[in-house]
Every structure is written in structure tokens, then in C-alpha cells.
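Please read them with the sequence and the 3D view open.

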Amino acid sequence: YVLQLHSNSDKGDGSVKYILTGEGAGTIFIIDDTTGDIHSTKSLDREQKTHYVLHAQAIDRRTNKPLEPESEFIIKVQDINDNAPKFTDGPYIVTVPEMSEMGTSVLQVTATDADDPTYGNSARVVYSILQGQPYFSVDPKTGVIRTALHNMDREAREHYSVVIQAKDMAGQVGGLSGSTTVNITLTDVNDNPPRFPQKHYQLYVPESAQVGSAVGKIKANDADTGSNADMKYTIINGDGSGVFSISTDKETREGILSLKKPLNYEKKKSYTLNIEGANTHLDFRFSHLGPFKDVTMLKIIVGDVDEPPLFTMPSYVMEVYENAKIGTAVGTVTAQDPDTANSLVRYFIDHNTEEDRYFTIDASTGTIKTAKVFDREDTPWYNITVAASEIDNPGLVSHVPVGIRILDINDNPPELAREYDIVVCENAKPGQVIQTITATDKDNSANGARFHFSLDEGLSLNPNFTLRDNEDNTASILTRRRRYSRTTQDIYYLPVLISDGGVPPLSSSSTLTIRVCVCERDGRVRTCHAEAFLSSAGLSTGALIAILLCVVILLAIVILFITLRRSKKEPLIISEEDVRENVVTYDDEGGGEEDTEAFDITALRNPSAAEELKYRRDVRPEVKPVPRHHPSSSLDSIDVQEFIKQRLAEADLDPSVPPYDSLQTYAYEGHRSEAGSISSLDSATTHSDQDYNYLGDWGPEFKKLAELYGEIESERTT
């Protein structure tokens, strides 16, 4: 039952009908339409809906007309304590540093109650601790959890599980409650110094341990964790501080002992080290618990090991002269057994490379000898490896590198530094330097640093060129006369003798090639190629070009004429039946005396000139002729018939002659008369004592004339 609706118009006779509308009408709330009583059909939950708005009206049952205006009323749901407090964020995980002060706040928990906080104590929550005492406490009103003890030590207990209860009705009897779990972990602080488990340690290390290798480990214990347990190990004193070193392994927090210097049992059998382990991250709040470091003593025992032989030097450098005989002693290596037994040592060479086979070693004495003859200029240095082992224990082997330097002796003569292309101008003057030459020597500076240049003394005095030693390992080539002629001789050869300053001194001979070239007045080379023969006769360049053009035109006319004749030529054989009676005619005429292209008529008129100039002018010779000199008496004694036969034989054997027959005419004057000849043909061979050098000073108008007479003078001098 909720309530009853009543209208003043209701007389109790059932004529009034009550109607209920609004939230929950007909479902949650029903009304008796005669009496107006309202009942709820199900339980109400205030936490779901706190009130309902309804509308009621009274109507006439017979006419269904309202008797009164519609009225509104509100049904409020009254709260009861039907909801327990809840921790919506639980369970909780929280940390707090160890050794914290009592009352240090750890966490604040909050519980919610769905009941109406404005009505009674249904939503008034009180907190209490069910589990976790006496280590922690909780504030009943705020739910703040605090530490309840002094100096809680993580190393004693690290994890705690605390159960907190929230109860409504202000904690009174009959109130509802809820609980949650708070997992509390104590975090570490550096409150524990490191400690070595022992104050004395002993370590055995064999003397064969390699330098830089780890020979042992040591560790100081620290109850802390993380960075609070990090530490550093150092050697603070002891007689082994210079032989051993210690480092820290950050993962295992161990001290790694390493060897800095090699051990020798025969010299020192034990070492003592004082090792300190100290924390690297200190918390000064707990310095009163220190010091945060510890020291222990480590005694190292050196173990005796059978060691390989030890060479007296870490490496050897030896020297031997090149060209030394096979079996020449180079040097000696020495090794000894470092052990107390002092066993005998055997030496040998590791033949790992080809160079190792060039030397031998005495197995007993260690003397190294040559096995081949060396050439310093080929290989100046050799590297070999010598090994030594104990006779009693051949498995123990030690090695040493040996470098062998090949010393130089003067076994290479000097030679020209390069091929020289030497040019001399036709208008050169006596004493003019035309080239400076240098020399090289494959030997080192001790055997050939100073070179001496000279002309070959076995030859006669050279009238054309001379050599001057500059005394700085160079020499100058100088001219000895005025003017040179290419037409007379275009290449000269000058033998040069070069000697070094070694012991014993060596020398070599080289031949320089000197070309004669045409140069400008300032010394620049104009041309070095052979010019046409007629150019010496004074023809200008324009005249030569005109002659060439005429020759080309004549050749074109001849080719055209031959082409026309071939097109009209009759067959040579008139009848195929009788070829014997036919005469074949050729209209080809010989050149006669005018044919000067094939033969030089002056060669027959002047036999002396013919001996010097025998090559044909219509064919360019591949090799320049070498002048041959014969006594004039032999030329005069040659008969004309014999002379012509000789020329005919030469023409028949000459592969460069044209492949056709030609008629040659010889006009030979015969032997020279007693009175001499007045012909101008022999004027070129006459001698004169006149000096024509002054023509060169007359200016450019007389340049050609000076060159012509200069060539004549050069030929005469030669």
C-alpha cells in the first residue's frame, strides 16, 4: 500500500471512478478505481530511481466526465541501507622505500556507497585494517595508509599484503562492509655496505699465462640490489700492483683479475695484493651505517711451467753484401731455455714463404748463411722467421723475426737517363751548347753519386762536336765549327763515355744521335725533313708550287690522251690464222736526253759525283745512302764500256726501276785532259781558299748565297 486518492465528489456510492497515469502507472503502481487505493506491484530500488511523477483524476462513472481537474503528485522512494561500500580501484599495488620514518604515507584508498548520504548513516563509511598490522595503519575517515613501524628493512622482509575494510552506518553494528587488498613492496636503499666473505684469499696462476688474459675472480657481497649494489674493485697496494690489474664486471659485480706483465717463476714465485671493493652510489642518510667499502688480501702463487726458448732480442736486423758467395755467414741469433733445467736449443727457419728458402741456419749455433747469390737492385730486403725449440721438448717453439738488408756493391755501370733527341741548327756557331745530358745508376748513392762524362778516347778527335763535363752529374754537348749542311750530312753520331765514382769505378759507352735542322735566326727549329734537291739550287717555294701544278696538268692530259687512244685502238692481231706475218707496232718513244727523271746525265759526265749520289730521283729511297770514298785514280782508270755494264747490271737488279724498257743516252767526255777541263759541270768540285763567312753578315738579301757557299765550305772542311 502506498496511498489513497479521494475526491470531495465521492459520496461512497461508487459513482466516482479514479484514473492513474504517469511513470509506472499500471505496471509498478496500480489503483483501485472505486476506492482510490494505490499499491506497488514490485520492490522499488532507490539507487535505480529515486522518485516517480504520477497524475490522478476523478471522473463520473456514468458520463465519463471529469469531476475535478487532473492533479499531479510525486512518489519518493525512501532509502534503506541495502548497498555495501565498494573499492572500485582495488586491488592496489604500491611501493614505499625501506627504512622510512613511521607515519610515512603509503596510499589513500577510497570506498563508495550507493545509498543516500543525506538520509541516515547508510552512506557514512569508516575504514579499518583487517590485515597488515603492526606494520601499517589506516586513517578511519580518510582511508590514508601509513607505515606504523620505524626502519622497516627490505632485506628482512620485502613484500606485505594489507587488507583494508570500509563499513557504512559509521561502523555500527548492522552496517554493511566491503574490503580490498593493498600489496605493498619495500624498495631498496643503499643501507648495506659491501663485505668480502673472507679476509684472505689465495690464487694459483701459471707463469705461461698470456698478458691481458683473466687469471681469477673475486667478489664482495652486498645485500642491496640494483644500483645500490654497484661497486668498483681496485688494487690499493701490494708488490703485485704493477703486474696485475683488476676490473669490475657490471653484470655479475665481480672483480676480474688480469695479467699486465708476463710472469717468470724463476724470478718471482708469489705476489700479494690488497683489493678494495666499494659502492659507487652512496646515500648519505645512511652514512652512519658505513663505511661502504671493504678490503681483502689476495696472495698469488706463480706456477712453474716448462717454457719455450727465449731469444735474446725481440727482433734481429742483419746485413750482407750482394753477389756474396753461397754459404756466406749473415749473422747469428741466440735463444736460451728460461727454465732452471736450461735445456739445449735447436734452431730452424720456418719455410712459409719463398724468401725463407734463400737462407740456411745452423741448428746448433743459430748462424744464418746465404743459400743463393743476391742482387740488391732486384730485392734489397728479406724477411725471414727463425724458430727455436728445446731438444728435450720439441713441441715448445718460439719465433723471432729477422730482417736481412742486402748491401750494395758497385756492379752496375751508369747509363744515360733517357733517349735524347738532339738537334743542331745549320747556322750554329762554334762553342754553342745544343744539349745537356744526365745519367743514372742502379746502384745506391754510395756507388755512383758522382758521374764523369767524356768522349771516347779511342776515337780520333771529333771535328764537329765536343763534350764538357759540368761536374754536377750533367754534361753539355757543344758545336766545334760554324754551320752544318743537311744536304751534305743530316745525322751525326757522338759516342759518349760515362763513368761513376764507385769502388771499383764502372763505365759505359752510349752513342748520341744529332740531327741537322733548319732554324730561325732566334734558334727555333723550322724543319728537320729532307727538302727536294732543286731547293738547294735556289728555287723559291712559289716556283716549286708552279712546277708541281704544271706536272699535274701534264699528267691529266697524258691520262686523257691514253684513254682516247684505247677507245680507238685496233686489234694487234689482224688474222687469227697466221700470226707470224703480222708486225705489231708500238708508238712509245724513249725519253732520250730529255728524260732526266729516270737517270741523271751528270752522273756519267762526272763519275766522282756519281759515286756520292747513286740513288734514283724518280723513286724516294727508303734508306739514306752512306757516302763511299774511292781514290780518284781508280775512277779515272774505269773504262767507258765497263762503266756502262756496271750501270746496266745495277738497273737490272734494282727493284725500284719502272717495269718497262727505255733507251738511255750517255754523253761521256772521257778521261780528264792534262790541261784540265774548262767545263762548268765540274765547277762544284773545285777547291778554293776563299773564306765566304763574311756573306752571312751582309743581311737577308745575301742569305741564300751565304748558305750555298757555307755548304761548299762545310763539304771541303769535312
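1. A disulfide joins C425 to C519, with an S to S distance of 2.0 Å. The model is predicted. C425 belongs to strand 31 (residues 422–425) and C519 to strand 37 (residues 507–519), so this bond ties together parts that are 94 residues apart in sequence. The torsion about the S-S bond is about -85 degrees, so the disulfide is left-handed. Both C425 and C519 are buried.

2. C517 and C528 form another disulfide, and their sulfur atoms are 1.7 Å apart. Here the S-S torsion is about 110 degrees, so the disulfide is right-handed. C517 is in strand 37, while C528 is in the loop between strand 38 (525–527) and helix 1 (541–568). C517 is buried, at a relative accessible area of 0%, whereas C528 is partly exposed, at 24%.

3. How many disulfides are there in the whole structure? A search finds two. With the bonded cysteines of the chain numbered in sequence order, the pairing is 1-3, 2-4.

4. Three strands make an open sheet in the order 1-4-3, with antiparallel pairing. Strand 1 (3–4) and strand 3 (29–31) are the edge strands, each pairing on one side only. Strand 3 is joined to strand 4 (residues 37–40) by three bridges, and the bridge partner of I31 in strand 4 is I38.

5. A nonpolar patch on the surface consists of Y694, W698, F702, L705 and L708, which together have about 430 Å² of accessible area. L705 sits in helix 6 (residues 703–717) and is partly exposed, with a relative accessible area of 34%.

Notes: Residues are numbered from 1 along each chain as its sequence is written. This is a predicted model: local features need pLDDT of at least 70, side-chain atom pairs count only at pLDDT 80 or more; totals for chains, interfaces and linings use all residues. Side-chain values use heavy atoms; hydrogens and water are left out. Two strands pair if DSSP finds at least two bridges between them. Helices (H or I, at least four residues) and strands (E, at least two) are DSSP runs, numbered from the N terminus. Patches are made of residues with over 30% relative accessible area and no salt bridge: like charges are joined within 9 Å, nonpolar side chains (Val, Leu, Ile, Met, Phe, Trp, Tyr) within 5 Å. Accessible areas come from the Shrake-Rupley method with a 1.4 Å probe; for residues, only the protein chains shown count as cover. A salt bridge is a side-chain nitrogen of Lys or Arg within 4 Å of a carboxyl oxygen of Asp or Glu. Buried means under 20% relative accessible area, exposed over 50%, partly exposed in between (1.4 Å probe, protein chains only). A disulfide is a pair of cysteine sulfur atoms within 2.5 Å.
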